[in-house]
Amino acid sequence: MFTVSIVDRQQSRRQSLTAFFKDANCTIREFGLYDELVEHSPDLLLIHFRDGEKNIDVVKRSVAVYYGGGGESDDPDWINRKDTRQECHRIWRAVMPDGKGSLTKDEAKELFSYVKDVIAGKADRSIPLFLEPPRHPNIITALAILCQGYLAVHSPETYKLDKEFWQQKGNVQKTTTTTQWWMDSLCNRSTADLSKVDFWSALKDLKKLVNKEWEVSRVLSFAPVLTLLDSIELGEGPDMMVEKAKNALETIREFLDEQTG
Amino acid sequence: MSISPQWQIDRGQLNHNWLQNGVVVALNHASGICTGTVRPRDITRSLSEDINRWQERSTELSSLLNRFVVEMSPRIYFNSPPLSRCPEETRSWLEPLTHELWLQRGMREKIDAAKAAYQKADSAFQKIYAELSNLPSSPTTDDLKPACSQLQTLIARCQALADSISALPHRVLCC
């Protein structure tokens, strides 16, 4: 019998995270705010960061999965400490008490299989994607910052900025309409070092990175961002690009919010 | 999902671990002494220990609030790839623009509110320190009454401070 324990003061979140395991007839043990952790050995331990302050070492688990709601108790230094722990993982998006960001049925199934592989000692097991840390977050962030800059130049009514800010605006307007302008700040190496062929292949790589990032989140449609990247590739002018930059920026904003609640 | 600055780690230590789970808990203990529900052997010493928890790290907390605008601004993205490779002619306007738009998204108001809450809490502590220094060595319940009401103010102000620090963003907001 597969056993799951969950340590979380929010009852609704305990229920949403264990729903699949209950349906699969697993044995579930729930520990709320006032429940004392007792010595036991579940196959899977799900634990909220804030409630990890409890005497968690008494629970001898095969796999532990931490999560948080994007607040202060989330461990901001997780990446640096993760490697020191055995089979200790983290859900990288925020998991909210209302069920937002909780495990989907497919993800729960994936986790279920993963834990079974760990118990069976399978060497070729692969970690579920939602437990993998984001690999290229700075590309998404950089794209958002460039979108803001582009909109501030080509759609000035979007933001309230002092006139003095744009003393050199004429020059800025011209340079920001080129594919080169975007790529100079998004490429993983200087575009000056790239041949023409490499330049377009770098842009394709960029699209793959963006795709991968969204695959990890599995939350939103990323079409507006890819549409913008197509537009950058085609070298479209502001008449076409402003709306696309706005939509892409909105999508990125939602995406980043999903990550942190 | 993004860069995790030292500021976030320090905020967790100071606000969550020290202020909320240390200072506020100690103040509630002190309040229990004043109302007579907690009876330590040495009342004055115990009260003093509880209330002096503030002095242990309050300067660090003040400095944390001052560091916010530098360390949590999205302009830090220009220090690492890919934006660190951004040409100077773009960086010269895009970096300050990114910072300015971030401030316009309510950051100025939020950090000002947190700093004001800090000042209010600190001034309430200074008042209660003065009150404590006037207590006799074995105070009666009547002696403790003024401190009791001040403690309630202090707890409320510390909680308001903790809330205002929690209201600051939990990631570097780039857009």
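Buried area is the accessible area, taken with a 1.4 Å probe, that two parts lose on being put together, summed over both. In this predicted model, chain A and chain B bury about 3200 Å² between them. Carbon and sulfur atoms account for 66% of that area.

The contact involves 46 residues of chain A and 37 residues of chain B. Across the interface of chain A and chain B, four residue pairs are in polar contact, both partners being at pLDDT 80 or more. The side of chain A that touches chain B draws at least two residues from each of four helices of chain A: H4 (137–154), H5 (169–175), H6 (179–186) and H9 (238–260). H4(A) gives the most, with 12 residues. By class, this side of chain A comprises 22 nonpolar, 14 polar and 10 charged residues. The count of salt bridges between chain A and chain B is zero.

Met72(B) lies in the loop between helix H3 (53–71) and helix H4 (88–133) of chain B. Its relative accessible area is 0%. Met72(B) therefore counts as buried, since the cut-off is under 20%.

Leaving aside residues up to four places away in sequence, Met72(B) touches Pro5(B), Trp7(B), Gln8(B), Trp102(B), Pro169(B), Arg171(B) and Val172(B). One of these contacts, Pro169(B), is 97 residues from Met72(B) along the chain. The C-alpha atoms of Met72(B) and Pro169(B) are separated by 8.5 Å.

Key
Residues are numbered from 1 along each chain as its sequence is written. Chains are lettered from A and ligands numbered from 1 in the order in which they are written. This is a predicted model: local features need pLDDT of at least 70, side-chain atom pairs count only at pLDDT 80 or more; totals for chains, interfaces and linings use all residues. Side-chain values use heavy atoms; hydrogens and water are left out. Contact means heavy atoms within 4.5 Å. A salt bridge is a side-chain nitrogen of Lys or Arg within 4 Å of a carboxyl oxygen of Asp or Glu. A polar contact is a pair of N or O atoms within 3.5 Å; within protein, one must be able to donate a hydrogen and the other to accept it, and residues adjacent in sequence count only if both atoms are side-chain atoms. Ala, Val, Leu, Ile, Met, Phe, Trp, Tyr, Cys and Pro count as nonpolar, Asp, Glu, Lys and Arg as charged, and the others, Gly among them, as polar. Buried means under 20% relative accessible area, exposed over 50%, partly exposed in between (1.4 Å probe, protein chains only).
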